[in-house]
2 protein chains.
Amino acid sequence: MHAESAFVRRLNRFVQLSRDELDGLARLQSQRRTLKNGAELSWQGQTGHRALILHAGWAYTYKLLPDGRQQILNFCVSGDLIGWRSSLFRSSDQACTTITSAVVSEIRPERVRDTLLRWPRLAAAILWSVSQDEAMLVEHLVDVGRRNASERLAHLLLELHERLGVIGLATERGFRCPLTQDHLADALGLSVVHVNRVLRRMRERGLMAYRAGRVHFDDPAGLRQLAGFDEGYLDRAGWAGVVNPLSPPDDPSAI
Amino acid sequence: MHAESAFVRRLNRFVQLSRDELDGLARLQSQRRTLKNGAELSWQGQTGHRALILHAGWAYTYKLLPDGRQQILNFCVSGDLIGWRSSLFRSSDQACTTITSAVVSEIRPERVRDTLLRWPRLAAAILWSVSQDEAMLVEHLVDVGRRNASERLAHLLLELHERLGVIGLATERGFRCPLTQDHLADALGLSVVHVNRVLRRMRERGLMAYRAGRVHFDDPAGLRQLAGFDEGYLDRAGWAGVVNPLSPPDDPSAI
DNA sequence: CGCCAGGTTGAAAATTGTCAACACGTGTGG
DNA sequence: CCACACGTGTTGACAATTTTCAACCTGGCG
């Protein structure tokens with residue numbers, strides 16, 4: 001059932017895919033594996049690693065330092081692509097681990113290449129998705145470089161809320177969230193203890209509550225203001241002056 | 001003179017380009033503009049902005065927060081590509097300013113698209129370059145999130161040294177560097193004052209000196225150790241099991 | 001029941017930021 | 001030629017943020 005996949009749902013925000021393209025997509029997703037939480041999906045320095053589609057569950061990508069510190073780069077949720085660009089190169093520069101049990105499709109690099117060549121509009125949609133990931137990475141860098149602890153926390157949770165909303169996994173004022181305070185700390189460049197304190201302060205100030213695996217926004221507007229959150233970077237749909245950049249301009253199936 | 005361009009020199013690390021491909025490249029670079037330092041090259045929120053090749057000089061990309069803080073995302077040097085991926089989307093999410101006087105080519109999005117379609121191996125080389133930028137962004141996030149001030153500083157300067165070495169702008173133990181301490185602070189998420197102090201400490205410890213527009217490494221090995229610097233992420237040349245991923249496998253000009 | 005991962009809290013220390021002053025070189029206008 | 005402004009670098013004193021260490025709590029689960 002293509003139409004129900006979170007992945008298709010996300011790509012559809014960018015272009016309406018044709019039946020043929022949906023087929024190509026379906027073929028990629030045909031093999032699925034179910035993983036327990038804590039499963040390693042790809043490794044730093046690994047060669048010829050596979051690209052992933054995360055169908056269900058949560059994961060995170062991260063980078064490990066020699067001394068054991070780790071920096072989480074991104075939290076991945078249903079419908080996210082992981083490691084597509086880097087799968088084309090010799091070695092991956094990051095690792096990925098599941099947070100909950102998860103369902104994924106793993107795709108070999110040659111397969112990635114063939115798909116991109118055969119379905120150019122699909123390639124464009126995937127490029128769009130990858131591009132959005134990079135926009136999030138940039139915003140993440142701004143978080144860690146130029147925002148204080150509460151701004152970071154607010155920003156991250158608002159971003160997750162936005163992303164989960166798109167795939168129908170958020171209510172207007174909150175979402176289920178399996179992240180531990182350790183995860184938050186490793187993503188935001190803070191210590192667990194400090195994350196804990198800041199969460200408490202936000203709860204006391206009536207901004208939001210993070211408890212029992214749920215995030216609830218008590219004062220969404222206040223939070224957005226605090227974080228300086230502007231969801232623009234998540235939503236850069238459409239091409240600049242080019243309807244269909246990667247397929248021949250006379251392609252009859254376009255639009 | 002193709003062979004002398006820093007840009008071609010960099011791409012050549014990845015694939016040896018054919019005469020025809022070098023021609024395509026030359027055509028992109030044919031129009032050049034010389035800019036004074038402090039010139040704005042693209043703007044946050046701008047629509048349909050151009051992709052850039054920086055032929056000479058230094059620039060930086062950054063993101064501005066509503067309250068005036070800024071986070072520098074990347075320093076750009078001769079031979080770097082700027083904003084290629086985002087030029088295909090409706091709006092740019094970052095801004096770019098020159099640090100020194102600079103020579104650039106500006107390329108309209110349609111032109112980017114056409115070039116990528118017409119010269120697939122060129123497209124692959126450009127993808128490789130863009131991909132390397134993202135690896136640097138990741139490393140930058142690790143810097144700011146999980147390294148302390150001196151580690152960050154050391155890591156950034158070692159990375160610049162490596163990159164400048166590739167295009168012949170570094171000696172074994174140092175390089176000319178037009179960055180002010182303000183630039184360093186805005187890139188590393190530190191205050192200027194702190195950057196100053198840390199630089200002094202490093203000078204006193206006999207690690208490196210940054211003075212009069214020059215970086216000099218007194219103890220390169222010590223610095224690398226301090227920073228946990230592993231240049232691997234700058235050097236992921238070659239494709240994973242695929243010689244020439246974006247052109248037909250039977251292309252006679254390949255390899 | 002007891003273990004264990006995750007969460008919470010306090011006290012003290014380390015890192016980093018802020019403010020304010022001053023040094024130094026360069027270029028400009030009087 | 002001098003005076004001055006300006007951008008950049010430097011330093012000290014002090015304050016804020018964040019970390020570290022250590023203890024303790026809580027709930028789920030074998």
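Predicted model: local features only at pLDDT ≥ 70, side-chain atom pairs only at ≥ 80, totals over all residues.
B:Ala212 sits in the loop that links strand 11 (208-211) to strand 12 (214-217) of chain B. The phi angle of B:Ala212 is near 55 degrees, a positive value in a residue other than glycine. Because B:Ala212 has 7 C-beta neighbours inside 10 Å, it counts as exposed. In chain A, A:Ala212 lies in the loop between strand 11 (208-211) and strand 12 (214-217). Phi of A:Ala212 is also positive, near 55 degrees, and this residue too is not a glycine. With 7 C-beta neighbours inside 10 Å, A:Ala212 is classed as exposed.

We turn next to chain A as a whole. Its secondary structure consists of nine helices and 12 strands. Of the 255 residues in chain A, 44% are buried. Sequence separation is worth a look as well: of the contacts in chain A between residues at least 6 apart in sequence, 72% connect residues at least 24 apart.

Apart from neighbours within four places in sequence, the contacts of A:Leu11 are with A:Leu17, A:Ala125 and A:Ser129. A separation of 9.8 Å lies between the C-alpha atoms of A:Leu11 and A:Asp80, although the two residues are 69 residues apart along the chain.

Back in chain B, helix 4 (residues 109-118) has a buried set made up of B:Pro109, B:Val112 and B:Arg113. These residues span an arc of only 95 degrees around the axis, so they fall on the same side of helix 4 of chain B. An α-helix has 3.6 residues a turn, so residues three or four places apart point the same way. The packing partners of the buried residues of helix 4 are strand 3 (51-56), helix 3 (84-87) and strand 8 (102-107) of chain B.

Two helix pairs in chain B complete the picture. Packed helices of this kind are described by the angle between their axes and the distance between the axes. For helix 5 (residues 120-146) and helix 6 (residues 149-166) of chain B, the axes come within 9 Å and the crossing angle is roughly 160 degrees. Helix 5 and helix 6 of chain B are therefore roughly antiparallel to each other. Their crossing is left-handed. On the helix 5 side, B:Met136, B:Asp143 and B:Val144 take part in the contact, and they meet B:Arg152, B:His155, B:Leu156 and B:Glu159 of helix 6. Sorted by class, this contact of helix 5 with helix 6 of chain B holds three nonpolar, one polar and three charged residues.

Helix 6 of chain B also packs against helix 9 (residues 220-227) of chain B, with axes that come within 8 Å and cross at roughly 120 degrees. That angle makes helix 6 oblique to helix 9 of chain B. The crossing of helix 6 and helix 9 of chain B is left-handed. Here B:Ser150, B:Glu151, B:Ala154, B:His155 and B:Leu158 of helix 6 meet B:Leu223, B:Arg224, B:Leu226 and B:Ala227 of helix 9. By class, the contact of helix 6 with helix 9 of chain B comprises five nonpolar, two polar and two charged residues.

Key. Residues numbered from 1 in each chain as written. Chains lettered and ligands numbered in written order. Axes fitted to C-alpha atoms, helices over the stretch in contact; angles between N-to-C directions. Helix = DSSP H or I, 4+ residues; strand = E, 2+ residues; numbered from the N terminus. Parallel < 35°, antiparallel > 145°, perpendicular 65-115°, else oblique. Left-handed = near helix turned anticlockwise from the far one by under 90°. Contact = placed C-beta atoms within 7 Å. Nonpolar A, V, L, I, M, F, W, Y, C, P; charged D, E, K, R; others polar. Buried ≥ 20, exposed ≤ 12 C-beta atoms within 10 Å, placed from the backbone. Arc of directions from axis to C-beta.
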